[in-house]
Amino acid sequence: MHPQLEILLELQDLKAQMLEMEKRDAEYSSREIEEDVFRISAEEAIVQLDTKIQEMEAGLDPDVAARYRLVSGRRPRGSVVPVVDGICYGCFVAMPTAMTRSNETLRWCEGCGSFVYFVD
Ligand SMILES: [Zn+2]
């Protein structure tokens, strides 16, 4: 897998996790349970995730980072989407068939601008 794609996928996981934490943080009762189980407050966890996200974003190439910022602004839940059977799951438009279905190359969808990875 392309190293930049790996970073993007990890970033996506971290962001999804952070959204989840923020949602739980807003619900007081479940937050108490969370702290009891993990011995870490939701606020601490969010700060840690945020730090990690910034570290990882710093590892992106400048042109990749520019696209990433553009796309993640529009799609807060993720800037990397799977392509299943040639269909982009960001916008549900068919990808050009001539496109090499390899995750060794960093690609994005011309339709929605999201980075894509191919799923068999
Ligand atoms: Zn798309």
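**Working chat on a predicted chain**

Author: Of the 120 residues of the protein chain, 17% count as buried. Here, a residue is buried if 20 or more other C-beta atoms lie within 10 Å of its own, exposed if 12 or fewer, and partly exposed in between, with C-beta atoms placed from the backbone. This is a predicted model, in which local features need pLDDT of at least 70, side-chain atom pairs count only at pLDDT 80 or more, and totals for chains, interfaces and linings use all residues. Residues are numbered from 1 along each chain as its sequence is written.

Reader: What secondary structure does the protein chain have?

Author: The protein chain has four helices and four strands, and from the N terminus on they run α-α-α-α-β-β-β-β. Helices (H or I, at least four residues) and strands (E, at least two) are DSSP runs, numbered from the N terminus.

Reader: In what order do the four strands sit in the sheet?

Author: The order is β2-β1-β4-β3, in an open sheet with mixed pairing. The edge strands are β2 (87–88) and β3, each of which pairs on one side only. Two strands are taken to pair if DSSP finds at least two bridges between them.

Reader: Which sense do β1 and β4 take, parallel or antiparallel?

Author: Strand β1 (residues 80–84) pairs with strand β4 (residues 115–119) in the parallel sense, over five bridges. Within this pairing, V81 has V116 as its bridge partner in β4.

Reader: And how many bridges join β3 to β4?

Author: Two bridges join strand β3 (residues 107–108) to β4, and these strands run antiparallel. R107 has V116 as its bridge partner, while W108 has F115. The hairpin of β3 and β4 has six residues between the strands, and G113 takes a positive phi near 85 degrees there.

Reader: Which residues other than glycine have a positive phi?

Author: Among them are D85, with a phi of about 50 degrees, and F92, with a phi near 60 degrees. Most residues other than glycine have a negative phi. D85 is in the loop between β1 and β2, and F92 is in the loop between β2 and β3.

Reader: Is D85 buried or exposed, and what about F92?

Author: D85 counts as exposed because it has 8 C-beta neighbours inside 10 Å. F92 counts as exposed too, with 10 such neighbours inside 10 Å.

Reader: Turning to the core, which residues touch the most other members?

Author: The largest nonpolar core has 13 residues, and L8, V80, C88 and V116 touch the most other members. A nonpolar core is a set of buried Ala, Val, Leu, Ile, Met, Phe, Trp, Tyr and Cys residues joined through C-beta atoms within 7 Å. At least two residues of this core come from each of α1 (3–26), α4, β1 and β4. In soluble globular proteins, nonpolar side chains tend to be buried together.

Reader: What does C88 touch?

Author: Not counting residues up to four places away in sequence, C88 touches V81, V83, V93, M95, C109, G111, C112 and V116. Contact means that the C-beta atoms of two residues, placed from the backbone, lie within 7 Å. C88 lies in strand β2 and counts as buried because it has 20 C-beta neighbours inside 10 Å. The C-alpha atoms of C88 and G111 are separated by 8.6 Å, although these residues are 23 residues apart along the chain.

Reader: And which residues does V116 touch?

Author: With residues up to four places away in sequence left out, V116 touches V81, V83, C88, R107, W108 and C109.

Reader: Now helix α4: how far apart are its end C-alpha atoms?

Author: They are 19 Å apart in helix α4 (residues 62–74), which agrees with the 18 Å that its 13 residues should span at 1.5 Å a residue. The expected span is 1.5 Å times one less than the number of residues.

Reader: Which residues of α4 are buried?

Author: Y68, V71 and S72 are buried in α4. Seen down the axis of α4, its buried residues fall within an arc of 95 degrees, so they line one face of the helix. That arc is taken over the directions from the helix axis to the C-beta atoms. The face turned away from the buried side carries the exposed residues P62, D63, A66, R69, L70, G73 and R74.
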